[in-house]
Amino acid sequence: MSPSQTSDVPTLLVKIFGKDRPGITAGLFDTLAAYSVDVVDIEQVVTRGRIVLCALVTEPSAGLSGDLRATVHSWAESMKMQAEIISGLGDNMPRGLGRSVVTVLGHPLTAESTASITARITETGGNIDRIFRLAKYPVTAVEFAVSGTETETLRTALATEAAALGVDVAVVASGLHRRAQRLVVMDVDSTLIQDEVIELFAAHAGCEKEVAQVTETAMRGELDFEQSLHARVALLEGLDASVVDKVRSEVRLTPGARTLIRTLKRLGFQVGVVSGGFTQVTDDLKERLGLDFAQANTLEIVDGKLTGRVVGEIVDRAGKARLLRRFAAEAGVPLVQTVAIGDGANDLDMLNAAGLGVAFNAKPVVRQAAHTAVNFPFLDTVLYLLGVTREEVEAADTHDDDAQ
């Protein structure tokens, strides 16, 4: 029957709760089957070994409702469970317009922060329809399905609340596009890797302190990136090209980077990197990690020496956004289905152009401007913002191990 046909049909909400064990769901519906009822809705949650099972069913034929109630209560008692049965009409109330998914990350996730976040959802006119835990480590990640308010309204309200509480909150529009094949594009320095590549080169040239000062100024948005790039690279003039291999070996991946990329690839995502660093490193990362796309600046090398110049297209703030669009076009993925991850001011255009922009352990100016922020040192926590559970990550890892 259609929703309009069931709106006035008498229904029973059957609620079972108690200690979980195999066979409870089958047992309840086997009991209900004797009364030829139709199933309208089912919800089941298990928390620390305790089950709450709700079944919305049509009321049985006249005169049998009391018998059904008695039988269900008797069955529940035999299973050492409790039962509650409530009469009503039709299905659930329709969800309000405007549907979003709110993901909250905490370490720990306190009752105080949860109360504040949920209260703010209510203040925006939103209703929490479902709650689901995505992960319990390395952070606690909880997903709320919210209806009744616009995504942007909710995102704005919760961004301020999250900053005050010290938790991370992501708000994305609900819908098929969230589960569709997507493209993830990451910054490299201090995002995919823990290092600033130019500083690794500078350490070999003996000018690390000078380069680091310019880098920090640029990342805060206080200096034009292209100017700072040329100024820093000029300090590397005369460095032997053999340093490239040494720098590659010194690069440290961010914790969770391999897990993030491996899981995304299994899910059918395409993954790329854009960097204000250098192709001499990003090309190596592309090969090692199985990335689909990689683009960065290129250090000029002549007669086995770095010239202190870069060649080719400059990858700056605008260039990163341009490359995101190029990668999306090549991958056949609409921008709304793209995710960008970065930490610096030169990532902002890319973060804002993507369907979801994630500021990863970012500078304040970036956290304020991005769609959402992750302030934990594990790159794979981004998976939770996409609705991937920790159990799914571990199950995929186990499957791969078994296949080898």
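Buried here means under 20% relative accessible area, exposed means over 50%, and partly exposed is in between (1.4 Å probe, protein chains only). Val-366 belongs to helix α15. Helices (H or I, at least four residues) and strands (E, at least two) are DSSP runs, numbered from the N terminus. Gly-221 is 145 residues away from Val-366 along the chain, yet their C-alpha atoms are separated by 9.5 Å.

A word on where this comes from. The model is predicted, so local features need pLDDT of at least 70 and side-chain atom pairs count only at pLDDT 80 or more, while totals for chains, interfaces and linings use all residues. Residues are numbered from 1 along each chain as its sequence is written, and side-chain values use heavy atoms, with hydrogens and water left out.

Now the overall picture. The protein has 404 residues, and 48% of them count as buried. Its secondary structure comes to 17 helices and 15 strands. Taken along the principal axes, the C-alpha atoms fill a box of roughly 95 × 50 × 40 Å.

Next, the strands around β7. Why is strand β7 described as largely enclosed by the rest of the structure? Because 6 of its 8 residues, in the stretch 140-147, are buried. Two strands pair if DSSP finds at least two bridges between them. Strand β5 (residues 99-106) runs antiparallel to β7, and 8 bridges join them. In that pairing, Val-102 is opposite Phe-144 of β7. Strand β6 (residues 127-135) is also antiparallel to β7, joined by 7 bridges. There, Ala-135 is opposite Ala-141 of β7. β6 and β7 make a hairpin, with 4 residues between them.

Pro-138 is in the loop between β6 and β7, and the peptide bond joining Tyr-137 to Pro-138 is cis, with omega about 0°. A cis bond also leads from His-107 to Pro-108, with omega near 0°. Pro-108 sits in the loop between β5 and α4 (111-123).

On to empty space. Rolling a probe the size of a water molecule over the atoms shows where empty space is left. On a 1 Å grid over the protein atoms alone, a cavity is a set of points where a 1.4 Å probe fits but cannot get out; a pocket is an open set with protein on both sides within 12 Å along at least five of seven lines; lining residues have an atom within 4 Å of a point. Grid points are joined across faces, edges and corners, and a volume is the space filled by probe spheres set on the points.

How many cavities of 30 Å³ or more does the structure hold? There is 1. The largest cavity has a volume of about 150 Å³. Its lining has 16 residues, and Asp-189, Glu-196, Phe-225, Gly-276 and Gly-277 lie nearest the centre. β10 gives the largest share of that lining, 4 residues. By class, the cavity lining has 5 nonpolar, 5 polar and 6 charged residues. For these classes, Ala, Val, Leu, Ile, Met, Phe, Trp, Tyr, Cys and Pro count as nonpolar, Asp, Glu, Lys and Arg as charged, and the others, Gly among them, as polar.

The second largest pocket has a volume of about 440 Å³. It is lined by 20 residues, with Ala-159, Ala-162, Ala-163, Arg-367 and Ala-373 nearest its centre. Which helix gives the most to this lining? That is α5, with 6 residues. The pocket lining divides into 11 nonpolar, 5 polar and 4 charged residues.

Last, the loop between β9 (183-186) and α7 (197-205), where Thr-191 lies. Thr-191 is buried, at a relative accessible area of 0%. Its side chain makes a polar contact of 3.3 Å with that of Asp-343. A polar contact is a pair of N or O atoms within 3.5 Å; within protein, one must be able to donate a hydrogen and the other to accept it, and residues adjacent in sequence count only if both atoms are side-chain atoms. Ser-190 is in that loop between β9 and α7 too. Ser-190 is partly exposed, at 24%, and its phi is near 65°, a positive value in a residue other than glycine.
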